[in-house]
Amino acid sequence: MMAPEFRYRSPLGRFMPQTLDLDRLKREGWRQQGLLVVSAEDSRLDWVERQLLNQIAERLYGKREHAHG
């Protein structure tokens with residue numbers, strides 16, 4: 001018979017940050033403050049939508065720097 005593995009529960013565990021539901025945070029940001037956070041590579045977007053996002057982002061912030069190598 002194998003004994004269950006003992007896990008020490010640190011009293012500092014309550015101070016560990018909670019994991020965030022990023023999609024929920026983005027949704028609330030959009031609905032409450034009109035902020036949009038979206039990846040240009042989001043698979044839910046089609047090619048036209050990604051191109052539109054890239055054009056808007058380049059107009060507002062300039063071209064992206066691509067890492068070489």
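**Close-up views of a predicted model**

View 1. The model shown here is predicted. Just after H1 comes glycine 34, with a positive phi of about 75°.

**View 2. Arginine 24 and glutamate 28 form a salt bridge.** Their closest N and O atoms are 2.8 Å apart. Both residues belong to helix H1. They are four residues apart, which means a separation of about one helical turn. Arginine 24 is partly exposed, at 40% relative accessibility. Glutamate 28 is also partly exposed, with a relative accessible area of 31%.

**View 3. Arginine 64 meets glutamate 41 in a salt bridge.** The N to O distance between the side chains is 3.2 Å. Glutamate 41 sits in the loop between H1 and H2, while arginine 64 lies in the segment after helix H2 (47-61), so the pair ties together parts that are 23 residues apart in sequence. Arginine 64 is exposed, with a relative accessible area of 51%. Glutamate 41 counts as exposed too, at 53% relative accessibility.

**View 4. Glutamate 58 pairs with lysine 63 in a salt bridge.** Here the closest N and O atoms are 3.4 Å apart. Glutamate 58 is partly exposed, with a relative accessible area of 36%. Lysine 63 is exposed, at 67%. Across the whole structure, a search finds four salt bridges. Side chains of opposite charge can pair when their charged atoms come close.

Key:
Residues numbered from 1 in each chain as written. Predicted model: local features only at pLDDT ≥ 70, side-chain atom pairs only at ≥ 80, totals over all residues. Heavy atoms only, no water. Helix = DSSP H or I, 4+ residues; strand = E, 2+ residues; numbered from the N terminus. Buried < 20%, exposed > 50% of the residue type's maximum accessible area, 1.4 Å probe, protein only.
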